[in-house]
Amino acid sequence: MELKQAVGIKAAEYIKDGMIVGLGTGSTAYYFVEEIGRRMKEEGLQIVGVTTSNRTQQQAEGLGIPLKSVDDVERIDVTVDGADEISDDFQGIKGGGGAHLYEKIVADASERVIWIVDESKMVTKLGAFPLPVEVVKYGSKQVFKRLEEKGYHPVFRTQEDQTLYLTDEGNYIIDLHLGVIENPVAMGAELDQMVGVVEHGLFLNRVHTVLIGTSDGVITKEANR
Ligand code: 5RP
């Protein structure tokens, strides 16, 4: 079994009857959502899902998982999502799949956040993975210029046909090729201040549990928050 599938299935063990569950986005979260669908069908598991992208919404609807908008729930019990990089101190980069805005909103409404990754995502320091920054269309070239001047090596994200990638909110993504992020908190604060930036992919102090798929099995790490 693929490592991503193994962690996806393992994460579904955390889900109990009656829970409101945040459903992440990406190729690892995909397996989690599939397993939730299977458990509902075969074991009678009853949950309500809150999706983090149009893609996951379509998948969940196809599996018959009842859904609510994040605005229609008081709190989410558990959110299970993937990640692009996780450092030793449990900080993360997300947004490789372009969904980090909704993912962060759903994470922040959750009592518990579980990230599911294969071992290739575990790093000492963040930054080798390009940091996604979602920006509004208006003035996006100005934001790009400022990021360039700061030496952050920005690149507008494109689709296969070379047109600009659009998020579910209709915004652009600028990926920052930083190599290493020595101070993720300072970097996040700087991006938070920039006009035109909607949300960046630094997820700081947000995860509670990390499930890592390795060739020797799934390893669980607790962030002790
Ligand atoms: C989407 C994300 C994904 O969770 C992240 O990109 C990991 O994806 P995958 O499991 O496909 O490697 O943040 O915005």
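User: Which residue has a side-chain N or O atom 3.5 Å from an oxygen atom of the ligand?

Analyst: Please keep in mind that this is a predicted model. The residue is Asp81, with a side-chain N or O atom 3.5 Å from a ligand oxygen atom. Backbone atoms also take part: a backbone N or O atom of Gly82 lies 3.4 Å from an oxygen atom of the ligand, and a polar backbone atom of Gly95 is 2.8 Å from one.

User: How many residues surround the ligand, and which are the closest?

Analyst: The ligand is surrounded by 18 residues, and the closest are Ser27, Thr28, Asp84, Gly95 and Lys121.

User: How should I read a salt bridge, and with which residue does Lys94 form one?

Analyst: In general, side chains of opposite charge can pair when their charged atoms come close. Here Lys94 pairs with Asp81, and their closest N and O atoms are 3.1 Å apart.

User: Into which domains is the protein divided?

Analyst: Domain 1 comprises 3-122 + 204-215, and domain 2 comprises 131-199. Their C-alpha centres lie 24 Å apart. The contact draws 14 residues from domain 1 and 15 residues from domain 2.

User: How much area do domain 1 and domain 2 bury between them?

Analyst: Buried area is what the two parts lose on being put together. For this pair it is about 1,200 Å², with 60% on carbon and sulfur atoms. On the domain 1 side, His100, Leu101 and Tyr102 lose the most area to domain 2, together 40% of what that side buries.

User: What polar and charged pairs connect the two domains, and how many are there?

Analyst: Seven residue pairs are in polar contact across the interface of domain 1 and domain 2. The count of salt bridges between the domains is one. The side chains of Lys104 and Glu199 meet in a salt bridge, at 2.8 Å from N to O.

User: Which helices supply at least two residues each to the side of domain 1 that touches domain 2?

Analyst: They are helix H3 (54-63) and helix H4 (100-108). H4 gives the most, with four residues. By residue class, this side of domain 1 divides into four nonpolar, seven polar and three charged residues.

Methods. Residues are numbered from 1 along each chain as its sequence is written. This is a predicted model: local features need pLDDT of at least 70, side-chain atom pairs count only at pLDDT 80 or more; totals for chains, interfaces and linings use all residues. Side-chain values use heavy atoms; hydrogens and water are left out. Domain bounds come from an automatic or database domain assignment. Contact means heavy atoms within 4.5 Å. Buried area is the accessible area (1.4 Å probe) that two parts lose on being put together, summed over both. A salt bridge is a side-chain nitrogen of Lys or Arg within 4 Å of a carboxyl oxygen of Asp or Glu. A polar contact is a pair of N or O atoms within 3.5 Å; within protein, one must be able to donate a hydrogen and the other to accept it, and residues adjacent in sequence count only if both atoms are side-chain atoms. Ala, Val, Leu, Ile, Met, Phe, Trp, Tyr, Cys and Pro count as nonpolar, Asp, Glu, Lys and Arg as charged, and the others, Gly among them, as polar. A residue is near a molecule or strand if one of its heavy atoms lies within 4 Å of it.
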